[in-house]
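The items below can be checked against the coordinates.

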Amino acid sequence: MSLEQFINEAISPWMKEEGPDSDIVMSSRIRLARNFERLPFPIIAEKEDLQEVLNLFDTEYHHRTYKNYHDLEFVRMSDLQPVEKRVLVEKHLISPHLADKSVQGGVLISKSEQVSVMVNEEDHIRVQLYFPGFQLDKALDQAFEIDDWLEDKINFAFDESKGYLTSCPTNVGTGLRASVMMHLPALALTQKINRMIPAISQLGLVVRGIYGEGSEAVGNIFQISNQVTLGRSEYDIIEDLKSVVQKLVEQERKARRLLVEQSELQLEDRIFRSYGVLERSRIIESKETAKCLSDVRLGIDVGYIDNISKTILSELMVLTQPGFLQQYAGKSLTPQERDIFRASLIRERLILEK
């Protein structure tokens with residue numbers, strides 16, 4: 001797949017697939033942080049050191065295939081325009097940190113966009129692997145295989161007592177960040193999520209927004225991930241996260257049933273009002289878009305709406321972000337121009353669905 005396709009296609013191929021509990025768990029992600037043994041870590045490295053890492057990835061992995069991950073494309077951040085970087089952030093292929101901070105950075109992306117390997121972010125290597133729905137075990141096993149594949153050519157910084165060495169102390173040990181993206185509209189509407197977040201934090205997990213650290217949970221989408229990486233095995237970390245996610249899935253389903261039973265008319269009205277806003281608005285901001293898309297997705301899941309697919313909603317979640325809007329328009333847009341173009345694009349996309 002070419003860079004142009006990564007940037008111009010809103011929805012990644014893997015996102016079109018269904019996964020376990022996908023009505024609530026949108027995706028499962030495994031991220032592994034690794035560093036070269038003999039080179040200074042990116043936070044203190046010289047430009048020549050970072051360039052050596054980039055050159056190795058360009059030489060050894062560009063247009064390579066590993067198992068089901070075909071035609072890996074290596075892209076240097078220095079070759080991208082700011083709006084192109086923002087698009088890759090909006091698709092979760094790179095982090096905001098890599099887009100904003102690292103001129104000497106790059107990313108290796110598989111054709112399906114299921115795998116992305118960020119290069120010279122906070123660490124030399126950050127492997128990311130996504131699966132649709134609730135599939136943490138499968139994602140971890142696949143991430144380990146990719147990790148081993150990279151280690152054939154790279155000696156990782158590793159200490160027998162501490163584990164994998166990383167730039168940030170919170171990643172030392174396994175270097176693992178496991179996370180799930182969850183759509184929790186019923187828990188948000190009933191305000192139960194506000195009581196659950198502190199309890200989740202006490203279990204060594206963290207609740208963030210859709211773009212990770214420092215981001216807001218817009219559209220009732222929450223990212224749940226581990227905080228502890230040292231002193232526990234990868235499988236123990238995954239089991240703890242799975243236990244909490246399973247409880248959240250149960251509580252969200254229970255809250256949805258109660259909303260339908262006790263507030264059916266109000267819920268139905270909210271859902272169809274949001275559907276109407278998406279279909280008819282001439283100006284719409286990103287936060288209102290996220291709220292309306294969340295309501296409509298809930299409407300599909302509880303059976304009120306049957307003429308639109310969740311895939312379209314997932315596509316619109318990405319397509320209506322500022323970077324994608326400007327990439328799609330082919331020019332820079334002011335905030336108001338983005339709001340107008342966003343509304344037009346949503347109307348057109350929903351018409352195509354009918």
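A residue is called buried when its relative accessible area is under 20%, exposed when it is over 50%, and partly exposed in between. The model is predicted. It has 23 salt bridges and one cavity of 30 Å³ or more.

**Helix α2**

- Helix α2 runs over residues 47-60 and has 14 residues. From the first C-alpha to the last it reaches 20 Å, close to the 20 Å expected at 1.5 Å a residue.
- The buried residues in α2 are D49, L50, V53, L54 and F57. Seen down the axis of α2, these buried residues fall within an arc of 140 degrees, so they line one face of the helix.
- An α-helix has 3.6 residues a turn, so residues three or four places apart point the same way.
- The exposed residues K47, E48 and T59 sit on the face of α2 turned away from its buried side.
- The cover over the buried residues of α2 includes the strands β2 (73-76), β3 (106-109), β4 (115-119) and β5 (125-132), together with helix α5 (136-151).

- Side chains of opposite charge can pair when their charged atoms come close.
- D23 and R253 form a salt bridge in which the closest N and O atoms are 2.9 Å apart. This pair links distant parts of the chain, 230 residues apart: D23 lies in the loop between α1 (3-8) and β1 (25-34), and R253 lies in helix α8 (residues 234-262).
- R253 has a relative accessible area of 29%, so it is partly exposed.
- E121 and R126 meet through their side chains in a salt bridge of 3.0 Å, N to O. Both residues, E121 and R126, are buried.
- R126 also forms a salt bridge with E122, with the closest N and O atoms 2.9 Å apart. R126 counts as buried because its relative accessibility is 5%, whereas E122, at 24%, counts as partly exposed.

**Cavity**

- Rolling a probe the size of a water molecule over the atoms shows where empty space is left.
- The largest cavity has a volume of about 50 Å³.
- Its lining consists of Y66, Y69, L72, L108, V115, V117, I146 and W149.
- β4 and α5 each supply at least two residues of the lining of this largest cavity. Both elements are also among those that cover the buried residues of α2.

Methods. Residues numbered from 1 in each chain as written. Predicted model: local features only at pLDDT ≥ 70, side-chain atom pairs only at ≥ 80, totals over all residues. Heavy atoms only, no water. Helix = DSSP H or I, 4+ residues; strand = E, 2+ residues; numbered from the N terminus. Expected span 1.5 Å × (residues − 1). Buried < 20%, exposed > 50% of the residue type's maximum accessible area, 1.4 Å probe, protein only. Arc of directions from axis to C-beta. Contact = heavy atoms within 4.5 Å. Salt bridge = Lys/Arg side-chain N within 4 Å of Asp/Glu carboxyl O. 1 Å grid on protein atoms, 1.4 Å probe; cavity = no way out; pocket = protein on both sides within 12 Å on 5 of 7 lines; lining within 4 Å. Points joined across faces, edges and corners; volume = space filled by probe spheres on them.
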